[in-house]
Structures are given as structure tokens and as C-alpha cells.
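Have the structure open while you read.

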Amino acid sequence: MLFGKKSGIKNRNRERYERIRRLMWIKCESCGHLVYYKDYKTNHYICPRCGRAFIMTPKQRFDLLFDNIEWERIKLPTASDDPLHFVDRKSYRDRLAESRAETGYNDAITTADGTIDGIPTTVCVLNGDFMLGSMGRTAGDSIVASMEHAIETRRPFIMVTCSGGARMQENILSLMQMARTVVAVNKLHANGIPYIVLLTDPTFGGVTASFAMLGDIHIAERGARIGFAGRRVIEQNIREKLPSNFQTAEYLYDHGMVDMVVARDELHDTLGKILRVLTKQPHTPGTINVTTPTQDNKKVRGMGETDAYDKVLLARNENRPHFLDYINGIVEDWTYLAGDRLFGEDPAMCGGIGYWRDIPAVIIGQEKGRTIETRQLHRFGMPNPEGYRKAQRLMRLAEKFNLPLVSLFDTAGAFAGSAAEERGQSQAIAASISTGLSIKTPYVAVNVGEGGSGGAIAIGTGDRVLMLENTIYSVIAPESCASILWKDNKYKATAAAAMKLTARDMADLNVIDKIVDEPSGGAHTDWQTTMEMLATAVSDQITELQKIPVDELPARRAEKFLAMTRDVEFCAPEHDTEDK
């Protein structure tokens, strides 16, 4: 007889629970070590030895996510049991009865209302302990009802997934829940309800292939396994050994499917920060406080040849603030959002949500990096197609929640490589231009360094286009222009002057709306002043644009760009045209 077994109780899970309760030790199914149960519970049901995050019950999830462990469960619909009279080694009715007895829940979905960081929110949990969290008719009905409840009450909706997929015992009726739940997701999006998906271990099959991969923001819990087909099925099918990190949360992040990977104990604060921006909670900004990095004041080669080329060198100065520097200096409650949902995460194109001073906004831009390692990581600010597709996704996110879009572009151009061509670099840039011109939300684009070719205009089609004083905007680098047209790179300064690529030139040609002043020595000499002036300039433009009905913005934006280049005469300076 097992120690602690009660007379008449034959349920194995009940026996295991009684052993844990009496002996207070649990064996981790991942590393095999015995863990003191109180430590296991205090650590949010994560093994303190190996870090494995185990399945949480709906109650445990609600207690973790809602403020002050206060929440109210909502009533959900039920469907008739066993519509197909399914029997394998055991009847479906018996399996349902066992799961209900073991878990105390009627089916795999439980939903509750509460607050997260003071914001009323609906959280829906797929219970992995109930028949592996599989989705049948009752689960499908409950998800639909939960989403409709969020729409009716105007609450953000958080879906916590933990599932093996569709429920086989209901066959085609289960499969149809994929379509039914997507209908409900479409209603959430159409009504402007924030939809955040929290993917936990495990999430597979028909759940990932429907409502779980259609969120505004995807959060993967650290340690989660996520995919469509299981690892063993894939290995048997392709007769190959898969990578050790295959279908992990980190693997999905690298492949652009999730925005972030978050530890379980950080989920509440992460969700609160996201919800504050998406629901436009009032925010009082702090003062900008940044330090200008020390720099080597060695003489820059080429400086002094022409005023235009001086601007080129200032725009490229290694000590100029880059995208993430502006984010750290100006933006508060910043949440970085990753991935294009199609192929990968591109660090060359950064983006996320936060408060631009007191204005909740979506901010995107190219990041060049500063050290050797970060420059390689960010590819010197030259995005691949997935970077531009991520930008498009964030543009649409801004439109859905009527958040102003701020673009800080700074790139020598889109990345030129065979892989980029294979994945559709031209299409990605064209689609970015098209999306930027069509979104119904205020859009301010700022050239903060180099505005190189299509790589820059892809995120530069704003209602207002600004340039910092010492930045450039051109179809090609002046060095390349000189090599092609003058047949010699030494004419780069002459080419720069002829191309009219400075901020002053852009204003004269009506390509931009405003020049933002820089400190007398340039942005690289005084980050504090630069960021203060940029923050104010962008905020002023957003405030003006927010007075215009959003439905009118795309038409005005289109006319603005259609009017460009009309009746313009280019007066290039004289130069030596002799071929050398």
C-alpha cells in the first residue's frame, strides 16, 4: 500500500497529490531532482534547479497575472458530450469524466475578469491538465464567448495557451473550432480590442494554427515549446535530426513568430506596461537625462572639401545618437516588439511601443550599432526584407489602436545580398511605402542620420517629414555616384554638392516639412540638447496631426507626396567633367 493513500480512492493523480501534500517533496519531470514543494510553489511552479516551467492551473494563472490575486470567473457555455460516440481504449465520455474529476474543471477553457496594473482585463486560460488542453466544441464555444465578452465590456483580451491541439475524439467538429475561433479574433481586431497571446508550454497543433498566432502581440513564456507538428512527428517524416532548440520559445523569437520571451515571474509587469500604452493611459514624462559619450576628436578625412560633404561626414559620425539611443533618452515604458510573423527577427529594423514624452506611440527605425559586435548584430542599420515586413506590422498596429507612428530612419540603404533578394527585398520595401501611405493614424518620420535610397523612404512617408540639421537624404551615396558618373571616387565631395542632399536642400525642394536644429558642434557633441529638441519637435507635429480626422490623413498624405517634384529646377554647381 502506498504511504498516504486514502481508503477507497483509486485515482492515481489523487494518490500523487496526497503523497506531495504529506511528504512535501516533488520530483521534477525534467531534471529528475527532488524539490521541496513549498520552494516549487513559491517559485511560480518552476523547478529551482533546472528552470523548467510546469503547467499552471487556471486559478494559478489568474493569481499570477491579476492585481492583488483578485479576479472574478465568468460563466461560459457548454456543449453536449461525445457527439460522435467515440470509443478508443476507453469511451470519450469516460475520459471527460476522469478529466473533470481530476482537475475540477468542466472543460479546457476558464476565463476571468480582473485588473492588470489597474487596467480592467479579461484573461482566458487553456488548461493543459484537461485532456492536454485539447480544443473541442465546448472549448471553442468558450473561447468565442470569452472574446465576445471582452468586446462587450471593452476590455483588453489575453489568451493563455497550453494545448496539444484539436481534440481527436471530436474529429471534424474539433477542426471547425479553428475557423470559429478565428472569426471571434477577427471581431476583436475589428472592434479595436487589444489581443495579447501568452504562449506557454506546450502549445501545438490546431491551436497554434488558429487563434494563438493572430494576436496583436505574442509573448512566449520562457521554457515553452511551441509549434504545429510535434518534434517526433517531424523527425520521422523528414528522417533528419532536428536542432536541440527546435520549437523552443527562443527559436520562435529568432524566426520572427513572437515579440518577446518573458520569464514567468515578469509576466504581470510586462503585460501592465504593454496595456498602459495600448489603452492610452495618462503618463507624466520625466526629464530627459542622457550623457554624451566621450569621443576621439581626431581630424575627419574629407572634412572641409565642400559644405555638402561636410554634412555627409557629420551624418555618419560614429558618435551620433542612433535609434536605441533616442529610445533610451526620450521614450518611457518602452517595449521592444520583434519579428515579421513570417520568417525572422531583423535587428537592423527596431520597433516597439512606449510613451514619446506624454504621447503613447509606436516607434520604428533602423539601428546601426556602436561597437563591432552590435554593428554586426544590427548589420550597420541595413534591413533585410523581414525588417521591412516587421515595420509594416507595426504600422498596422499603430493604425488599429490609433497610436501615432514615429519613424526615426538612419540607414545607408536596404541590405544588398542574395538571401535578401530571395526573400523579396524589393517587394518588402514597396509594401512598406504603400502601408505607410495608407495607414489611418498620425505619422511623423524623422531623418536622424543617413537617408539612403529605398531603404530610407520605406519608413519615410509620413504626414510630416523632418530632418535633423546635419543629416542627408539621397538616392545613392555620393562616393558611389562619383564612381559611376565621374569614374573616380575622388570626386565624392563634388558629387555631394551636385546631388543636393542636405537638409537645407530638402527643405528648398519641398521634400521635407521641417529642419530640427542640432547643437553648434553637431548632434554627436551634445546628446542631451539634441534629444530635447527632437522630442519637442516630434511632439508638436503629433499634436497638430491629432487635430485632423484620421480618415482624412491618408488622402492628405497621398496628395503631399504627389505634389513633390512638380515644377522643380535642379541647379547643380559647376564641376570638372573631364574623365580621369
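## Ground rules

A residue is called buried under 20% relative accessible area, exposed over 50%, and partly exposed in between, using a 1.4 Å probe and protein chains only.

The model is predicted, so local features need pLDDT of at least 70 and side-chain atom pairs count only at pLDDT 80 or more, while totals for chains, interfaces and linings use all residues. Residues are numbered from 1 along each chain as its sequence is written, and side-chain values use heavy atoms, with hydrogens and water left out.

## Ring pairs

Rings of Phe, Tyr and Trp (its six-membered ring) pair if their centres lie within 6.5 Å; planes under 30 degrees apart are stacked, over 60 edge-to-face, and the rest tilted. Searching the whole structure turns up six aromatic pairs. One of them is tilted: phenylalanine 62 with phenylalanine 66, 5.9 Å centre to centre and 35° between the planes. Phenylalanine 62 is buried at 1% relative accessible area, and phenylalanine 66 is buried too, at 2%.

Phenylalanine 323 and tryptophan 334 make an edge-to-face pair, with 6.3 Å between centres and 70° between the planes. Phenylalanine 323 is buried, at 1% relative accessible area, and tryptophan 334 also counts as buried, at 17%.

## A cluster

Phe62 and Phe66 team up with Trp71 in one aromatic cluster.

## Charges over rings

A charge sits over a ring if NZ of Lys or CZ of Arg is within 6 Å of the ring centre and within 35 degrees of the ring normal. Arginine 379 does this with phenylalanine 415, at 5.4 Å from the ring centre. Lysine 560 has its charged end over the ring of phenylalanine 561, 5.9 Å from the centre.
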